[in-house]
Amino acid sequence: MFINNGFIIKQNYSSTLANVNERLYTRSKKIKVSDDYRFVLIEGDKCYDYVEQLYDVAINAFSKADFYEEISKADFIELYLDNIRLCSPDLLLVYYKEELVAFHFTYEDIEKRFYVSKTVGIKKDHQFHKCLFKMIDYFYSLVIEKGYDKVLHHFMNDRTNTLQLMYKGYELNKKHFVLLEYNNEK
C-alpha cells in the first residue's frame, strides 16, 4: 500500500529467532585465528565495568551504519547500563594484541525461552578477518553451556545477508522492520 503511494524502502531490518545452527557451529570451531587475538568472556555484573571501553569500538564499528548517530560517551554508558540491568548479561571481548577490537553483548531471555544476541561490534580493520567466526564459536559454546537451543538476533540490517546464510533452514520466526521514505518525484 505505501509503495503504491510514492514511498520507497530505505532499509530493511529484522529480528530472527532460530535454532542453533549446528553446521555453522562445527565450521566456526575449525576456524583458526592469529595468536594475536584473545577472547575474554565476562559474565553478570562484571560486564558493567567494561561499558565505557566499548564506546571506542562502537564508534568505529557503527560509524557508517544506518540509523547510527554518534552519541556522547556518557549517553552511551547510560543507554547500555539502563537497558541491560534487568538481565544477567554476558560480554565477549576480543582483543588484538592489547587493543580491544570487538565485543558481543548477549543475555538470557527473561522468561528463559532462548538466548539473545543483542549487539556485535567489530572495528572496521577487523571485520573481514576470521574474528567473527571465532565470536560465533564462543557465542554458541555459551548458549549450549547454558542449555539453550534457540537464539534471538535483534534488529539486524538485512542489507547484508549474514543472518540468512547463518540460519538457512534453522529459522523459526522472523520479524521485519522497514524504514520508508516518501519519494515526491513520482
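This is a predicted model: local features need pLDDT of at least 70, side-chain atom pairs count only at pLDDT 80 or more; totals for chains, interfaces and linings use all residues.
Which side chain meets that of lysine 134 in a salt bridge?

Residues are numbered from 1 along each chain as its sequence is written, and side-chain values use heavy atoms, with hydrogens and water left out.

The partner of lysine 134 is aspartate 137, and the N to O distance is 2.9 Å. A salt bridge here is a side-chain nitrogen of Lys or Arg within 4 Å of a carboxyl oxygen of Asp or Glu. Both residues belong to helix α4, 3 residues apart, or about one turn of the helix. Helices (H or I, at least four residues) and strands (E, at least two) are DSSP runs, numbered from the N terminus. Aspartate 137 and lysine 134 are both buried; the term buried means under 20% relative accessible area, exposed means over 50%, and partly exposed lies in between, with a 1.4 Å probe and protein chains only.

Let me turn to the strands. Strand β3, residues 89–96, is mostly covered, with 7 of its 8 residues buried. Two strands pair if DSSP finds at least two bridges between them. On one account, β3 pairs with strand β2 (residues 37–43) in the antiparallel sense over 7 bridges, and isoleucine 42 stands opposite leucine 91. Strand β3 is also joined to strand β4, residues 99–108, by 8 bridges, again antiparallel. Here aspartate 90 has threonine 106 in β4 as its bridge partner. The hairpin of β3 and β4 has 2 residues between the strands, and lysine 97 takes a positive phi near 60° there.

In total, the structure holds 9 salt bridges. One of them joins the side chains of glutamate 98 and arginine 38, at 3.7 Å from N to O. This pair links distant parts of the chain, since glutamate 98 lies in the loop between β3 and β4 and arginine 38 in strand β2, 60 residues apart. Glutamate 98 counts as exposed because its relative accessibility is 68%, whereas arginine 38, at 36%, counts as partly exposed.

Where is lysine 123 found? It is in the loop between β5 (115–122) and α4 (131–145). Glutamate 99 forms a salt bridge with lysine 123, the closest N and O atoms being 2.8 Å apart. This pair also links distant parts of the chain, with glutamate 99 in strand β4 and lysine 123 in the loop between β5 and α4, 24 residues apart. Why does lysine 123 count as buried? Its relative accessibility is 16%, so lysine 123 falls in the buried class. Glutamate 99, at 37%, is partly exposed. Beyond neighbours within four places in sequence, lysine 123 is in contact (heavy atoms within 4.5 Å) with residues including Asp56, Asn60, Glu99 and Val101.

Finally, the cysteines. A disulfide is a pair of cysteine sulfur atoms within 2.5 Å, and by this rule the count comes to 0. Cysteine 47 counts as buried, at 0% relative accessibility, and cysteine 131 is likewise buried at 0%.
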